[in-house]
Amino acid sequence: WRGILEVSARLAACCGFHSNGSFPRFAGRPERPRPASDDSVAAMLVPVFSLKLNHKILPRCVALGRYDGTHPCLTAATQAGKVFIHNPHGRGQHTNTNRLALSTQDADISLLNINEAVSCLTAGLLNPDLGCDSLLVGTRTSLLAYDVHNNADLFYVPDGANSIVVGILGDISSPLAVIGGNCSLQGFNYEGKDLFWTVTGDNVRALAFCDFDGDGKKELLVGSEDFDIRVFKEDEIVAEMSETEIITALTAMSPTRLGYALANGTVGIYNQAARYWRIKSKNQAMCIDAFDINSDGVCELITGWSSGKIDARSDRTGEVIFKDNFASSVAGIVQGDYRMDGSTQLICCSVDGEGKLRTQDCWGLMDTSVEQDLIRGLSQKKQNLLLELTGVIPANTQLQTALSVNLGSETESAHVELCISTSNDTVIRAVLIFAEGIFENESHVIHPTPQNLSSSIKIPLSPPKDVPVELNIKALVGYKKSTQFHVFELSRQLPRFSMYSLCRPDSATRPLSFVKFTLGEKVQTGVVWLKQNFLLPENVEMQNEWLEVCFTSLRDTGQLYVRMNSGGEISIITDNIDLAGDIIQSMAAFWAIEDLQVEADFPMYFDEVHKAFVGVDSSHSVCQKLTANMADSSNSIRSMLVRAEDSRLMGDWKNMKKRYNELYDLNKDLLSQYKIRCTNHTELLNNLKAINQAIQRAGNLRVGKHKMQVIAACRDAIKNNSVSMLIKIMRLGTSCS
């Protein structure tokens, strides 16, 4: 026992922390990871060290920056409207200023006063000539670029930011701080010059740089609230991937490969535009990162969860190979050489201010994934053989599917109907359907009661968006008295515009809006496109010389006309500008069209854009007036307070009471003005979002270079404050007559 205690004391002396909270002189090798009890493949990670930062950290607001060009500093936003900078390498190097001050609790921490709730934060190299990182802090109303080492503001942008990323985009030589806001993307250089601007479909929630196409140049990954991941090659969209929830995090795993996280607890990896794998958890993924944790030359996907769990998943299979836990939710994951020993460490922080650091080594961990795959394969073969021996259903039994449109009734709304049936007298005991974006939990289970068992079953489907959906179906088939059932697995493609029913034209409800363009394609190819993208009756006949079909939306009963003549001129008549854009993009993909210009007219929608544009001008003028009034009121309050205190010191109680009553009234007026200003700011943001979405929709009506030209021309019209020019560009695609 004496020997054991002596060894323990020596280890504590070598690996322990100093009493002042600084790093240990020697960080011992962590103990060898052992397989976890609940997962034979996963192993617990032992931290090299952990530290308490004594500050509550905001989720997704953690960064690591070398603000002096040499020493890495852990940076995070707090819940008190401040940003703390942990720098154990240069203790006390900052002096107290108006913005940056030393913490009274920890000599290693400096506090940056933002005086507003921080929405996003990052650090990166904006000016290569200086060789040091800049700190960028975004709030709902502004963006601050800050030089931490020199305690100086670099630039200030009075626009809100939801997400920030720093890097080199495409052929733009200067590093950019790309800001994701209300349906817009802006890129600023170190001088604060706006070198990049474009719009996206909805509010931006996640940004990342990635060499998506493998050409050696970085593209911009954008995740937004409309469930889409878009890939921008500078201001051109080169890929779009639709998901089932809001995209909350993105990270580059390797060239052409990216990781993502959704608000519903889903994480996964895309290889370019094809999904590699995904998993879903009951907890929310707070942050993700790419890190080669087992030194095999391939980065794993590191995920921090709301439950406090941290796991590392294989980029090939999604299996957990490492995991650890915090006592509270994970706030952020960053990586860097924080110990200044020449190796990269993974740093994980919790919302309670706890930090853990792990090295890039994995001692003694055996990769048992091959054995696990072998066991699973043998188990599946065993199950299949047992089912074959039972022989519960005829060998020639087949499962058939059919899709049709159900116009609904008084008790149910219109929907798409999936009919599943067997080829004989066997019955369907249960059906399990996996589909993205249709069901609340991405899957749907149907269990007919024993009295209603039959050889066919009908399932209503209502896709909320016009995207093609893959239906993965598993059905349990047997006889009514069977105790074992065969599982049939099959897939069925739901067409992109399945929620539109073929109908007779009705001039009374004919839409006033339209899009016209010429492709030079034959009518027969247009018929092929229609059959691939709509659910058409089997007996429907199409004209060979010209084509005109009418559809009714099962969602809002709006009408859609598609016309095509022998000269290849196509007209899409609908009041839904989003639907028109989706049809044009679908046609462009079907005919492999690289560039397409159109003429569009949506009178009702353009009136809404005009009102939003006028609303922005009105909100700006009101904001300026309110700001001036609040400044005057603040000056009056200061003056009144001095007079009231003078009266108190002189014992003039009557005037003191009078001054304080006036002060109370002035303060009430100031609070009222502040509420009005907040309401005006919310209205301004809503109008700005509407205008940015209108530009995105106008661009979506075009393809290729014409799409980029429309977006750029619309921005110029906004700069010139010309709403008439903006509407003209949306209609014709150009400002020229």
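Which residue in S37 stands opposite Ile433? In the predicted model examined here, local features need pLDDT of at least 70 and side-chain atom pairs count only at pLDDT 80 or more, whereas totals for chains, interfaces and linings use all residues. Residues are numbered from 1 along each chain as its sequence is written, and side-chain values use heavy atoms, with hydrogens and water left out.

The residue opposite Ile433 is Ile473 in S37. Strand S34 (residues 427-434) and strand S37 (residues 469-478) are paired in the antiparallel sense through seven bridges; strands are DSSP runs (E, at least two residues) numbered from the N terminus, as are helices (H or I, at least four residues), and two strands pair if DSSP finds at least two bridges between them. S34 is also joined, by four bridges and in antiparallel fashion, to strand S35 (residues 443-446). Within S35, Ser443 lies opposite Phe434.

An open sheet is formed by four strands in the order S9-S10-S11-S12, with antiparallel pairing. Its edges are strand S9 (118-124) and strand S12 (152-157), each of which pairs on one side only. From one strand to the next, the twist averages 20°. Strand S10 (residues 134-139) and strand S11 (residues 143-147) run antiparallel and are connected by four bridges, and Ala145 in S11 is the bridge partner of Leu136.

Asp228 is located in strand S19 (residues 228-233). Because its relative accessibility is 9%, Asp228 counts as buried (under 20% relative accessible area; exposed is over 50% and partly exposed in between, with a 1.4 Å probe and protein chains only). The side chain of Asp228 forms a polar contact with the side chain of Ser242 at 3.0 Å; such a contact is a pair of N or O atoms within 3.5 Å, of which, within protein, one must be able to donate a hydrogen and the other to accept it, and residues adjacent in sequence count only if both atoms are side-chain atoms. Leaving aside residues up to four places away in sequence, the residues touched by Asp228 (contact: heavy atoms within 4.5 Å) include Val222, Gly223, Glu240, Met241 and Lys465.

UniProt, in an unreviewed entry, places the feature "domain: BBS2 C-terminal helix bundle" at residues 705-731; such annotations may be inferred rather than shown by experiment. Over residues 705-731 the chain is 89% helix and 0% strand, with the end C-alpha atoms 16 Å apart. Helix H7 (residues 705-719) packs against helix H8 (residues 723-732) at an angle of about 170°, their axes being 8 Å apart; axes are lines fitted to C-alpha atoms, for helices over the stretch in contact, and angles run from 0 to 180 degrees between N-to-C directions. H7 and H8 are therefore roughly antiparallel to each other (angles over 145 degrees). Val710, Ala713, Cys714, Ala717 and Ile718 of H7 make the contact with Met725, Leu726, Ile729 and Met730 of H8.

Methods
Parallel < 35°, antiparallel > 145°, perpendicular 65-115°, else oblique.
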